[in-house]
Amino acid sequence: MTVGATPSEAQRIRRVGLWRTFLTRPEFGSIVGALFIFLLFWALTGFTVGKGFMSWQGFAAYIEITAQVGILGATVSLLMIAGEFDLSVGSMIGAAGLILAMCVSTYGLPLWLSIIITFAFALAIGWLNGYLVVKTGLPSFIVTLGSLYMLRGAGLALTRILTNGLTIVSGVGTATANDPLAWLFNGTLFSIGGGDFKVELLWWILVVGLASWILLRTRFGNWIFAVGGSKDASRSMGVPVARVKILLFMATAACAAIFACIQVLSVGTADVLRGQQKEFEAIITAVIGGTLLTGGYGSALGSAFGAFVLGVTQLGIFFVPGFNSDWYAFVLGLLLLVAALLNNWILRRASGARS
Amino acid sequence: MTAHSANAPVLEARNVSKGFGRVLALKDVSLSVKAGEVNCLLGDNGAGKSTLIKMLSGVHRPDSGSLAMDGEPVTLSSPHDAQARGIATVFQDLAVLPLMSVSRNFFLGNEPTKGFGPFRHFDVATADRVARQRMKEIGIEVRETSQLVGTMSGGERQTLAIARAEYFGARVLILDEPTSALGVKQSAIVLRHILRARANGLAVIFITHNVQHALPVGDKFTILSHGRSAGEFRRGEVGLDQLLALMGGGAELTELATELEQLRAAGVAHEADAS
């Protein structure tokens, strides 16, 4: 680079161009991936415009799926950057949905109170998850695997007892039909060309925006990176490690509750088995978004592109002639592997081959 | 700051002991450092140096004995508490986070903020500016503050940690083996910074097992051996050999020297036989 002059030790940090900065951003892979997957499915559906994949209806459909998984992915990314997993997200969706539905239709509580109770429950379980992880020092993988099964099991058993043998709570639709508050979770934002864009799009933008802002522009965000990078180094620098982790477990549980409210109020019923596999989809969203499984590095914005990849894939397969949604899981697994490899490569570039 | 602090040590450990399970890591150890003074804490691996400084920086609490600042007894309830009282520590293995940027590392735990209430946020511009300027002062030109610390050399990482501690450590600077992983040139930079900190009126505790690094900068030498104090000396009172002997490594080194001498003698004899 510098010819003639002897570069001092200090000058060995190279000047970094805008392009290189972009290349080393954690979300770089997910942006390229999202673009690639979108073009791929458009090509596979024969570059048709106006119907199927490339239509406003199609677009609205995969944005809806994207938004729902994206709401989970943003906070799961933050938690993973802090070095922890939350596998209980999926069964929290089922449990929170049941609580909301039972409050509204079985006990006839007003919707606003039912929503408060649902979120209070989710936050309490999130706190408990975090507290157990922090206090016992057990891997969060194990602790939240425990709560995954406990929430699912208790949800099933208690719902049967309280509703005389049923595992589905219905009647939410009629009970909330005239409540303007329900619009917050099942409303339609706008319609273009026959495609209805639902309110979860707004929730998704809000959650991703807030998560990104917290991660990149607050003290708490700096602590999230640090806690995931090294717990001991963070503690020695005076970072409140336990508080950071517990708050993030509460955030993932709260996002599961948002997801549950959207589903229950849109469909009108709650089912114990709702939200199955969502914990893994959220993790895949985060990984495609450039977040390291081992913590300390990642992006909340990237998870939005990760969610888009998921949404487009899930619906895109449906539009491709000769394919059906049976292939979804296979493609998802493949994408996860490719993303993980790509992230590894980006990370090696970003950290200059040393680690 | 206060009148009584003129002569009293800024930071002091009085007969502290600490055990972990059945292992007694420290027994009845005392250490003190005044403003504008460098106290070198010397000892072999496992002598209890790390336990002692973790105590002085609020990570561990003594089982018995006490800590004092400016002659007044204090309890350091957490690393944050110690920092708030002006004790800045650079830990050997915990200096920086490689996957975070220079400025994020620099301000970790002390992030500058802007705005009020829910809009209070991390002032990234100030963090970048100060980190860049401070790193420049210490001899490292950082052009891109978003560069991950993992791209820096071991010496540069240690220097970043020291620059950070100097920036925030108003009164006491504790350096845990800052030169142990460094080359000769990088070590010299670190030693120069220790002297600069002393000239600025900081109290410095410099932990090392390298006597050659300790001798040129130390005003005082506290020696630990097997968790006990093996003596405290002022500059000029002791030489290299004595310090080595007190650290518990002297006997081994003398033995090694004798062995080498014998080997050489044998080698000479062997050569004589061959010719």
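Helices H14 and H15 of chain A are roughly antiparallel to each other. That is my starting point today. Keep in mind that this is a predicted model.

H14(A) covers residues 300-319, and H15(A) covers residues 328-350. Their axes come within 10 Å and cross at roughly 150 degrees. An angle over 145 degrees counts as roughly antiparallel, so this pair qualifies. The crossing of H14(A) past H15(A) is right-handed.

Which residues of H14(A) and H15(A) meet? From H14(A), we have A:Val309, A:Thr313, A:Gln314 and A:Ile317. They meet A:Tyr328, A:Val331, A:Leu332 and A:Leu335 of H15(A).

H9(A) is residues 200-217, and H10(A) is residues 219-229. Their axes are 5 Å apart, at an angle of about 80 degrees. H9(A) and H10(A) are therefore roughly perpendicular to each other. On the H9(A) side, look at A:Ile214, A:Leu215, A:Leu216 and A:Arg217. They meet A:Phe220, A:Gly221 and A:Ile224 in H10(A).

Next, the core. The largest nonpolar core has 176 residues. Which residues have the most contacts inside it? They are A:Leu100, A:Ala256, B:Val204 and B:Phe206. Helix H12 of chain A, residues 241-267, gives this core its largest share, 18 residues.

On to chain B as a whole. Chain B has 9 helices and 12 strands. Its C-alpha trace spans about 85 × 45 × 40 Å along the principal axes. Of its 275 residues, 45% count as buried. Take the chain B contacts with a separation of 6 or more: 67% of them join residues 24 or more positions apart.

Chain B has a six-stranded sheet. Its 6 strands run in the order E6-E9-E10-E3-E11-E12. The sheet is open and the pairing is mixed. Which strands are at the edges? Those are E6(B), residues 87-90, and E12(B), residues 228-234, and each pairs on one side only. The twist averages 15 degrees from one strand to the next.

Look inside this sheet. E3(B), residues 38-43, and E11(B), residues 220-225, run parallel and are joined by 5 bridges. B:Gly43 stands opposite B:Leu224 of E11(B).

H5(B), residues 154-168, touches E6 and E9, and its direction makes about 175 degrees with that of E6(B). H6(B), residues 184-199, touches E3, E9 and E10. The direction of H6(B) makes about 155 degrees with that of E10(B).

Is each of its faces covered or open? E6(B) runs parallel to E9(B), with 4 bridges between them. B:Val90 has B:Leu175 as its bridge partner in E9(B).

Now the four-stranded sheet. The order of these 4 strands of chain B is E2-E1-E4-E5. It is open, with antiparallel pairing. E2(B), residues 23-33, and E5(B), residues 72-74, each have a single partner strand, so one side of each is left without a neighbour in the sheet. Neighbouring strands here are turned by 35 degrees against each other on average, direction ignored.

E1(B), residues 11-20, is joined to E2(B) by 7 bridges, and the two run antiparallel. B:Glu12 stands opposite B:Ser32 in E2(B). H1(B), residues 49-56, lies across E1, E2 and E4, at about 120 degrees to E1(B).

Last topic: where the chains meet. How many residues of chain B are in contact with chain A? There are 31, against 29 residues of chain A. H2(B), residues 79-84, and E8(B), residues 121-122, each supply at least two residues of that side of chain B. H2(B) gives the largest share, 3 residues.

Key: Residues are numbered from 1 along each chain as its sequence is written. Chains are lettered from A and ligands numbered from 1 in the order in which they are written. This is a predicted model: local features need pLDDT of at least 70, side-chain atom pairs count only at pLDDT 80 or more; totals for chains, interfaces and linings use all residues. A nonpolar core is a set of buried Ala, Val, Leu, Ile, Met, Phe, Trp, Tyr and Cys residues joined through C-beta atoms within 7 Å. A residue is buried if 20 or more other C-beta atoms lie within 10 Å of its own, exposed if 12 or fewer, and partly exposed in between; C-beta atoms are placed from the backbone. Two strands pair if DSSP finds at least two bridges between them. Axes are lines fitted to C-alpha atoms, for helices over the stretch in contact, and angles run from 0 to 180 degrees between N-to-C directions. Two residues are in contact if their C-beta atoms, placed from the backbone, lie within 7 Å. Angles under 35 degrees count as roughly parallel, over 145 as roughly antiparallel, 65 to 115 as roughly perpendicular and the rest as oblique. A crossing is left-handed if the near helix is turned anticlockwise from the far one by less than a right angle, and right-handed if clockwise.
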